[in-house]
Amino acid sequence: MSTVAVVGTGVIGASWAALFLANGLDVVATDPAPGAEERLRSVLEGTPTDRLRFVTDAGEAAAAADFVQENGPEREDVKHTLFAVLDEAARPDVILASSSSGLLPSVIARGCPQHPERVVVGHPFNPPHLIPLVEVVPGQDTAPEVVDRAVAFYASVGKRPIRLTREVPGHLANRLQAALWQEAYSLVERGIATVADIDTAIAYGPGLRWAVLGPFLNQHLSGGAGGLAHVLEHLGPPTEQWWRDLGRVHLTPELAETLVAGVDAELAGTDRQSLVAARDAVLERLLAAKAAQPDLP
């Protein structure tokens, strides 16, 4: 695959374009929003763009591509309209991958009456040009070889793809995040902790270990010589008690206002772009450090 169509060039699409360009691929980008090309080229400043071409028609982009990465709005009706265009224009062997963060690929594929077997979710984590994870999720009609090819393609551009055996709303990582958010929102709602304290608890506590190893391996290491078996034996019962005490929360307007106010107070005037740049710089150093440790899985 030498040419990728990036359909939708917002935050996620622009980051995908940066990744593909950095890996020497030709990119045909498209987005119907006024000024989209100028914004994309501004975001890509510092990235070689001699292989970038921008077109206004999604069908034209798909027709030129060996792989399509779609990044449109998270709405079924929009996906169906867009994928109908992509399905009509792309060669039958071209994979149509959606960056959707939660929609089922089978639902998205309803917009592809001709070749639903080539539709797959390829969900990245923001920013895709830095975060290696991509979740490859097949739909009911997705051909197994399409999943294999998508995994191989993402791996070839430096991603760390995982494949789900079946589709669920929110895929895998977002469901794990949602479980944490549920309790975090509940703790704020009940006045047990502030937004800033919860961020500190994760960023300077378990989040540091999670950035190196996943939850299961971290549990295993915390069990000493007995490993995970020891942890489950000794901490399993109290953990079950904690599960039963976790909060159930509804995102009321009042709670949403409290959460937003908490973030504003935590940032205390910090420039957003400076924060993003600092985050990305740490991510780059962290990934480099992980890559230098061959014993990490």
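In what order do the 8 strands of the open sheet stand, and with what kind of pairing?

1. In this predicted model, the strands of the open sheet follow the order S3-S2-S1-S4-S5-S6-S7-S8, and their pairing is mixed. Strand S3, residues 52-55, and strand S8, residues 160-163, stand at the edges with a single partner strand each, so one side of each is left without a neighbour in the sheet. On average, and with direction ignored, neighbouring strands of this sheet are turned by 25 degrees against each other.

2. Val7 has Thr30 in S2 as its bridge partner.

3. Helix H1, which covers residues 11-22, lies across S1, S2 and S3, and also across strand S4 (67-70), strand S6 (119-124) and strand S7 (133-138). Relative to S1, helix H1 runs at about 170 degrees.

4. Turning to a pair of helices, H7 (residues 173-189) packs with H8 (residues 195-203) at an angle of about 145 degrees, and the axes of the two helices are 9 Å apart. The crossing of H7 and H8 is right-handed.

5. On the H7 side, the contact between these helices is made by Leu180, Ala184, Leu187 and Val188, while H8 contributes Val195, Ile198 and Ile202. Sorted by class, the contact of H7 with H8 has 7 nonpolar residues, with no polar and no charged residues.

How values were computed
Residues numbered from 1 in each chain as written. Predicted model: local features only at pLDDT ≥ 70, side-chain atom pairs only at ≥ 80, totals over all residues. Heavy atoms only, no water. Pairing = 2+ DSSP bridges. Helix = DSSP H or I, 4+ residues; strand = E, 2+ residues; numbered from the N terminus. Axes fitted to C-alpha atoms, helices over the stretch in contact; angles between N-to-C directions. Contact = heavy atoms within 4.5 Å. Left-handed = near helix turned anticlockwise from the far one by under 90°. Nonpolar A, V, L, I, M, F, W, Y, C, P; charged D, E, K, R; others polar.
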